[in-house]
Amino acid sequence: MTRVAIVGVGYTDFRSITPEVSWKEIMYKAASRAYDDAGINPRRDVKSFITCAEDYWEGFSIFDEFTPDQMGAVLRPMITTCGDGIHGLANAFMQIKTGLMDVVAVESHSKISDLITYRDVVLFAFDPVYNRPLGGHPYYVAGLEMRKYMEKTGTTEEDCAHVVVKNKKNAMKNPLAGHEGDLTVDQVMKSRYMFEPLKKLDIAPLSDGAIVLILASEEKAKELTDTPVWIKGVGWASDTPWLEQRDWSKAVYTELASKNAYKMAGISYPRKEIDFAEVDDKFSYKELQHVEACHLCPPGKAGRLVSEGYFERNGVLPVNVSGGSIGCGNLIEASGLQRTLEVVLQLKGEAGSRQLDGKTGLAASWRGVPTASGACIVLGV
Amino acid sequence: MTIFSRRLKETGKEMCFEAVRAALDEAGLELKDIDTVVCGTAPDAFDGIHMKGENLLDGCGGSKKTYMRVFTGGGTGVLAPIAGWWHVASGVSDVCLVVCEEKMSSCFPHPQSAFGHIWDPILDRPLRPNLVWIFAMEMNRYMHVHNISKEDIALVSVKNKKNALDHPSAQLAANITVDDVLNSEVMAWPVQRLDISPPSDGAAALILVAEDKVSSITDNPVWVEGVGWCIDSTMWTNRDLYFPQYVAKAAKMAYRMAGIHNPFKEIDVAEPYDPFDYKELHHMEGLLLCKKGEAARLTREGVTERDGDLPTCPSGGLLGVGNPIAATMGIKAGEIYWQLAGKAGKRQVPDARTGVCQAWGDLMQYGSVMVMRS
């Protein structure tokens with residue numbers, strides 16, 4: 001079966017508010033840049049289009065209706081997948097593997113600044129009978145989970161603060177990022193408790209942005225580019241939807257997803273074989289949970305290691321060099337594509353002043369409170 | 001599949017469970033044999049649950065599994081099994097469970113209120129449009145271009161509701177006459193009450209298995225031979241509504257893959273999407289099962305009856321069995337499976353080897369088509 005490569009990327013920068021453009025316009029901008037980058041004409045060369053979106057984020061009942069025109073997908077095969085950007089990449093990967101498609105475009109965007117009732121919408125994702133009536137801001141779930149994680153692993157609030165400091169500092173070298181900063185652990189520790197022990201700076205601020213990646217079969221990739229980035233493995237998984245049944249101390253969905261992705265990629269010892277990683281950090285402690293779930297360090301040790309500088313840009317295993325969601329902003333369903341984008345730029349040597357060495361990178365995503373669903377993708381050159 | 005009706009006592013995930021259990025029992029499998037799960041479900045606004053796929057996932061058997069949701073409005077009913085196909089055909093999965101669910105009854109006062117939010121917020125929504133209105137426009141255009149009478153279109157409703165008498169899940173099976181349709185309440189001319197399928201709750205599930213694993217599960221598999229899907233522009237006002245070009249494109253894609261050159265001759269049984277009676281005719285033409293404008297004649301001549309040359313909607317379709325948007329997989333892909341496997345019971349059409357099913361959705365812009373052979 002053919003291998004699958006990423007042959008083009010297009011993106012907007014990531015900003016807290018973007019009142020000057022509509023979601024259609026940011027999709028168009030990212031898509032046309034991606035087509036230019038890959039050197040293709042969407043009306044002729046792209047065989048299938050995929051967008052990753054949820055109705056409630058977009059404020060439509062059937063958002064799929066509004067996707068084709070700005071992507072150049074009119075009268076072409078196109079689907080919406082209700083998942084993170086990496087779920088979309090997984091569908092594109094499979095479509096190419098079947099041999100039916102040779103070039104597929106995957107789009108995901110966030111125009112979350114249009115949503116004035118974010119809290120209520122997230123609450124609508126809670127079980128309508130058992131959980132939603134409890135009300136409150138839904139991030140209390142993250143506060144409880146952070147408490148459980150710290151208690152189980154001995155991780156401290158300072159360790160989590162190190163994640164914030166690292167990611168905001170990394171973001172200073174990323175021209176796309178909207179929430180960079182030069183902070184100290186002390187400053188993070190002094191930020192206000194929102195959902196104790198979760199502090200204001202532990203929470204990734206919401207952002208707008210759009211990203212499009214172009215995937216191609218081996219034959220087509222070699223025709224289109226000299227620097228294809230190969231998809232070595234992809235995995236996606238969900239834990240139980242019930243808050244009451246989960247193991248709150250670890251990210252079971254990422255364990256399952258990364259296991260599948262590593263199996264496909266033939267990776268047996270990720271700590272040695274992965275050169276750098278971009279993992280979801282919608283909350284600071286989540287980065288630690290996800291790093292452990294991806295087996296990039298021994299279970300329960302991520303907190304101590306981040307404090308020791310292990311995951312810094314010049315550390316042993318750089319994590320979230322892009323700045324992550326904490327530094328770039330939480331792009332909702334586009335978060336996974338933002339991570340994948342960073343891995344692609346790094347592997348192609350186009351990451352500018354934050355360039356790393358390395359031949360194999362990992363991106364891992366999580367769909368946010370209250371879900372327990374995520375996806376992982378292993379890329380290499 | 002579950003019974004289609006107003007099911008106030010069950011949650012969406014309970015209906016999913018029921019459908020999954022039935023599919024596993026028919027295949028003689030257990031949940032542990034399933035390695036990937038695909039969920040198809042249409043607007044979240046019906047259930048009033050954000051990220052509905054996440055909510056349904058344990059009912060779908062997706063807990064601690066590889067789980068994916070796809071969503072293309074009404075087209076989901078056939079797109080979800082197509083997504084299941086690419087999970088298996090790509091080599092990623094050996095045994096893929098596809099589950100489709102819809103629970104429209106929890107939307108008060110009527111699911112139509114959720115359809116108030118499917119429109120362009122600037123160009124359409126201020127007019128406070130209603131789905132029945134735009135289908136009335138499409139029906140009018142179709143009748144006008146081909147000079148088709150209301151009587152001919154009503155025959156579809158009569159046929160499908162009669163076929164549904166043999167379907168154990170049916171919601172609106174009935175023996176009615178053309179006059180009953182023509183005398184029913186006018187919703188938006190030319191659409192009358194009996195031209196429309198009902199809102200329903202229900203779920204359906206099917207299991208797709210890789211070629212090299214089939215022999216240990218069944219001696220009587222039905223093969224997915226062709227898949228196609230296509231979306232047209234959001235701007236429905238810029239299209240000539242008399243012909244569903246997006247369905248034709250999807251059908252050509254599926255036929256090419258299945259090696260079908262003359263669909264009318266080579267297809268033995270068809271399940272086009274029939275939420276309105278004129279849509280069955282519209283989609284038969286879109287599926288290239290007849291020339292443009294000829295579907296009404298074929299219906300009048302009885303060609304589309306169960307004992308005709310081209311049995312169409314032998315299940316009873318959406319008009320007879322019900323229209324739980326995505327869960328119509330059970331009477332589209334599901335019915336073609338039962339027909340080709342010879343398991344359709346009283347609904348069985350003779351000598352069916354090749355079948356096609358199709359779903360239609362979004363703002364009159366989405367076609368998904370699957371061709372199967374036994």
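Predicted model: local features only at pLDDT ≥ 70, side-chain atom pairs only at ≥ 80, totals over all residues.
## Overall size and confidence

Residues are numbered from 1 along each chain as its sequence is written, while chains are lettered from A and ligands numbered from 1 in the order in which they are written. The model scores ipTM 0.95 and pTM 0.96. Chain B averages a pLDDT of 95, and 100% of its residues score at least 70. Here pLDDT is the predictor's confidence in each residue, from 0 to 100.

## Chain A at a glance

Chain A has 15 helices and eleven strands. These are DSSP runs numbered from the N terminus: helices are H or I with at least four residues, strands are E with at least two. Buried residues make up 63% of the 381 residues. A residue is buried if 20 or more other C-beta atoms lie within 10 Å of its own, exposed if 12 or fewer, and partly exposed in between, with C-beta atoms placed from the backbone.

Contacts with a separation of 6 or more were also counted in chain A, and residues 24 or more positions apart account for 77% of them. Two residues are in contact if their C-beta atoms, placed from the backbone, lie within 7 Å.

Chain A is divided into domain 1 (4–117 + 207–229) and domain 2 (134–204 + 230–380). The bounds come from an automatic or database domain assignment. Taken over C-alpha atoms, the centres of the two domains are 23 Å apart. In chain A, 32 residues of domain 1 are in contact with 30 residues of domain 2. On the domain 1 side, β1 (4–11), α4, β4 (103–111) and β7 (208–217) each give two or more residues. The largest share of that side, six residues, comes from α4(A).

Helix α4 of chain A covers residues 85–97. Its 13 residues reach 18 Å from first C-alpha to last, close to the 18 Å expected at 1.5 Å a residue. The expected span is 1.5 Å times one less than the number of residues. In α4(A), 13 of the 13 residues are buried, so the helix is largely enclosed by the rest of the structure. A:Gly99 follows α4(A) and has a positive phi, near 90 degrees.

## The nonpolar core

The largest nonpolar core has 251 residues. Such a core is a set of buried Ala, Val, Leu, Ile, Met, Phe, Trp, Tyr and Cys residues joined through C-beta atoms within 7 Å. A:Leu213, A:Ile214, A:Leu215, A:Ile377, B:Val99 and B:Met370 touch the most other members. Domain 1 and domain 2 of chain A both give residues to this core, so the core lies between them.

Which residues does A:Leu215 touch, not counting those up to four places away in sequence? They are A:Val4, A:Ala5, A:Ile6, A:Ala92, A:Phe93, A:Ile96, A:Val104 and A:Val106.

## Where the chains meet

The contact takes 47 residues from chain B and 45 residues from chain A. Several elements of chain B each supply at least two residues to its side, among them α2 (44–47), α3 (52–56) and α9 (245–258). The largest share of the chain B side, six residues, comes from β2(B).

## Loops and backbone details

A:Asp182 lies in the loop between α7 (157–171) and α8 (185–189) of chain A. With 9 C-beta neighbours inside 10 Å, A:Asp182 counts as exposed. A:Asp182 touches A:Lys169 and A:Met172, not counting residues up to four places away in sequence.

Most residues other than glycine have a negative phi, and most peptide bonds are trans. A:Asn320 has a positive phi of about 55 degrees although it is not a glycine. A:Asn320 is buried, with 28 other C-beta atoms within 10 Å. B:Leu288 also has a positive phi, of about 60 degrees, and is partly exposed. The peptide bond from A:Val369 to A:Pro370 is cis, with omega near 0 degrees. The bond from B:Trp189 to B:Pro190 is cis, with omega near 10 degrees.
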